[in-house]
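Work through the exercises below with the sequence and the model open. Each task is followed by a solution in steps.

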Amino acid sequence: MWTMAALEGRVAIVTGAGQGLGREHALLFAAEGAYVVVNDVGPGLAHAVVEEITAAGGRAIAHTDSVSDWSAAEGLVEAAVQGFGDLHVVVNNAGILRDRMLVNMTEEEFDSVVDVNLKGTFAVGHFAARYWREQSKLGHDVDRALINTSSGAGMQPGVGQTNYAAAKAGIAAMTQVWSKELKRVGVRVNGIAPFARTQTTQATPGLVERLAETESDPDFDPYHPGNISPLVAYLASTDCIMTGHVFRVVGDLIGVYEGWHLVDTFENGRRWEIPGVAKALSSVPAEPVVEPPKMP
Ligand SMILES: NC(=O)c1ccc[n+]([C@@H]2O[C@H](COP(=O)([O-])OP(=O)(O)OC[C@H]3O[C@@H](n4cnc5c(N)ncnc54)[C@H](O)[C@@H]3O)[C@@H](O)[C@H]2O)c1
């Protein structure tokens with residue numbers, strides 16, 4: 001068990017932390033001794049969370065610019081370093097959802113989802129990595145952690161989410177790239193694919209009733225957004241040695257994903273003829289089995 005607060009003295013940025021999962025991460029991080037930069041573009045949201053943290057005796061500052069704005073992402077990293085003297089943890093959590101079937105999806109719906117989720121994660125990750133590389137060159141080697149927010153929609157995609165699935169699968173891929181690139185500067189990079197009750201999921205047709213059912217359970221609410229944060233806090237802590245993973249996290253379940261991998265191979269010894277391809281692939285199912293993301 002922890003002998004002290006799990007994140008004592010850690011300086012952390014949590015993006016999109018004005019509500020939902022990000023707010024829960026920020027509150028838990030602060031309660032566990034972290035200095036938190038609460039980022040959110042929603043009017044008044046970041047400041048309200050900062051007030052909540054400081055009222056409880058924690059340390060936090062607000063940052064209200066968009067993560068997908070290149071210079072704002074640089075400013076976010078600077079805000080942590082100037083405000084609290086260093087940066088140990090980044091939780092890329094900001095995200096938006098604009099579901100639509102492929103035939104109806106607009107350019108704006110595609111661009112905005114990729115902009116916030118994928119580019120926002122890249123932009124903040126980029127400037128944090130630059131800072132961390134500088135620190136490593138200066139010999140300031142301490143454990144640093146980056147946690148990206150993917151989704152079951154990116155890992156086990158379904159219909160209506162061309163934009164979101166592409167962005168979230170891209171985030172899982174970036175997580176693996178960064179874990180390899182940043183190892184030598186002492187940064188661990190992991191991802192989560194969460195599920196919980198937030199304004200986003202509450203507005204999703206089909207999920208509303210399921211989420212409402214458990215809301216008043218006094219013993220354990222499997223869809224409470226706070227269920228996601230202990231894993232994120234663990235990944236952010238110096239006790240964690242893991243890097244390059246993406247975890248499913250919902251209710252009391254923590255799952256470990258494995259990425260795309262070959263399940264079968266066929267070789268011909270020379271360039272294939274088309275009939276040979278057909279024959280070789282005759283044992284492969286017409287469609288792959290993609291299970292839906294795990295739920296309680
Ligand atoms: N809730 C779930 O079940 C679930 C499932 C899978 C993935 N996720 C992911 O988890 C993350 C949090 O989701 P949530 O459900 O808490 O959503 P939420 O909408 O409750 O919170 C997201 C926050 O991000 C902020 N935000 C949006 N664009 C931003 C930008 N450009 N810069 C800074 N902040 C921005 C919003 O203002 C909002 O407060 C998202 O990345 C989401 O895709 C959530």
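**Exercise 1.** At roughly what angle do the axes of helix α3 and helix α4 cross, and within what distance do they come?

*Solution.* The model is predicted: local features need pLDDT of at least 70 and side-chain atom pairs count only at pLDDT 80 or more, while totals for chains, interfaces and linings use all residues. Residues are numbered from 1 along each chain as its sequence is written, and side-chain values use heavy atoms, with hydrogens and water left out.

Step 1. Locate the helices: α3 spans residues 70–84 and α4 residues 107–137. Helices are DSSP runs (H or I, at least four residues), as are strands (E, at least two), numbered from the N terminus.

Step 2. Take the axes, which are lines fitted to C-alpha atoms, for helices over the stretch in contact; angles run from 0 to 180 degrees between N-to-C directions. The axes of α3 and α4 come within 8 Å and cross at roughly 45°.

Step 3. Classify the angle. That value makes α3 oblique to α4, since angles under 35 degrees count as roughly parallel, over 145 as roughly antiparallel, 65 to 115 as roughly perpendicular and the rest as oblique.

Step 4. List the contact (heavy atoms within 4.5 Å). On α3 the residues include Trp70, Leu76 and Val81, and on α4 they include Phe122, Phe127 and Tyr131.

**Exercise 2.** At about what angle do α4 and helix α6 pack?

*Solution.* Step 1. Helix α6 covers residues 162–181, and α4 packs with α6 at about 15°, the axes being 8 Å apart.

Step 1. The two helices are therefore roughly parallel.

Step 2. Among the residues that meet are Phe110, Val113 and Leu118 in α4, and Tyr164, Ile171 and Trp178 in α6.
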